[in-house]
Amino acid sequence: MTDAEGGPVRAASESLNPAAMRKQYRRDGLDVSALAADPMEQFAHWFAEAARDGLYEPNAMIVSTAGADAAPDSRTVLLKQYDRRGFVFYTNHHSRKGTQLAENPQVALLFPWHPLARQVRVTGTAAQVPREETAAYFRTRPHGSQVGAWASDQSAVVPDRATLDRAYAELAARHPEGDQVPVPPHWGGYRVTPRTVEFWQGRENRLHDRLRYVRSGDGEDWRVERLAP
């Protein structure tokens with residue numbers, strides 16, 4: 001291993017050397033003939049398998065955005081809904097990702113299902129969901145999460161943890177358990193309409209299966225192409 005300047009870095013043990021870390025994937029392959037006609041239907045199959053196999057938070061996905069400066073930015077967000085229209089997540093519209101999506105709606109999603117040696121990669125366009133859809137979901141959130149959506153000015157610099165705790169305590173006193181917490185006007189959902197959806201299955205010798213659905217124009221038709229690993 002080397003440091004940032006190319007010099008040697010002493011590891012605690014060889015097992016901590018990332019260059020020596022590798023797994024041989026031995027799961028069944030993925031063939032075009034086995035795919036659903038629609039990528040969202042195929043995603044539903046894989047998502048159900050991930051949940052059935054007990055993966056921790058199979059709805060966790062990496063959301064990558066880039067604002068007007070074109071600098072990429074990634075973070076983990078929880079998927080809250082999916083259907084034929086796309087993938088939905090919720091966040092503060094004033095957050096870094098919200099600001100970037102306002103400047104550039106192009107987004108990439110990644111579901112890293114490592115225990116299954118699978119990934120799902122999505123590229124598409126994000127748009128805010130209607131307010132009534134946001135309100136309906138907000139009502140299903142735990143009370144603490146509803147208060148937290150008001151207490152946190154997401155992505156803003158705060159002086160210390162005590163500032164966050166104080167803001168939460170004040171809002172929790174104003175909206176105690178059992179009260180209806182209003183939906184923050186600066187908080188809501190985004191639906192990512194997919195342009196491509198790639199299903200990645202790990203195979204032996206790094207000859208992985210990569211099958212990508214590509215939307216044909218602006219319609220609902222899809223073609224599937226195999227990518228070299």
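How many aromatic pairs does a search of the whole structure find? The search finds 17 aromatic pairs, where rings of Phe, Tyr and Trp (its six-membered ring) pair if their centres lie within 6.5 Å.

This is a predicted model, in which local features need pLDDT of at least 70 and side-chain atom pairs count only at pLDDT 80 or more, while totals for chains, interfaces and linings use all residues. Residues are numbered from 1 along each chain as its sequence is written, and side-chain values use heavy atoms, with hydrogens and water left out.

**View 1. Aromatic pairs at Y213.** The ring centres of F199 and Y213 are 5.7 Å apart and the planes stand at 75°, so this pair is edge-to-face (planes over 60 degrees apart; under 30 degrees counts as stacked and the rest as tilted). The pair links distant parts of the chain, with F199 in strand β7 (residues 187-201) and Y213 in strand β8 (residues 209-215), 14 residues apart. Helices (H or I, at least four residues) and strands (E, at least two) are DSSP runs, numbered from the N terminus. F199 and Y213 are both buried. Y213 also pairs with W222: their centres are 6.5 Å apart and their planes at 85°, so this pair too is edge-to-face. W222 is buried, as is Y213. Buried means under 20% relative accessible area, exposed over 50% and partly exposed in between (1.4 Å probe, protein chains only).

**View 2. An aromatic cluster.** One aromatic cluster is formed by F43, F47, Y82, F87, F111 and W113.

**View 3. R118 over W46.** R118 lies over the face of W46, 4.0 Å from the ring centre. A charge sits over a ring if NZ of Lys or CZ of Arg is within 6 Å of the ring centre and within 35 degrees of the ring normal.

**View 4. Surroundings of T65.** T65 belongs to strand β1 (residues 60-66) and counts as buried because its relative accessibility is 3%. Its side chain makes a polar contact with the side chain of Q100 at 2.4 Å (a pair of N or O atoms within 3.5 Å; within protein, one must be able to donate a hydrogen and the other to accept it, and residues adjacent in sequence count only if both atoms are side-chain atoms). Leaving aside neighbours within four places in sequence, T65 is in contact (heavy atoms within 4.5 Å) with residues including A71, D73, R75, K97, Q100 and V107.

**View 5. H94 in a loop.** H94 is found in the loop between β4 (86-92) and α2 (96-103). H94 is exposed, with a relative accessible area of 55%. Not counting residues up to four places away in sequence, H94 touches T99, Q154 and H186. H94 and Q24 are 70 residues apart in sequence and 43 Å apart in space, C-alpha to C-alpha.
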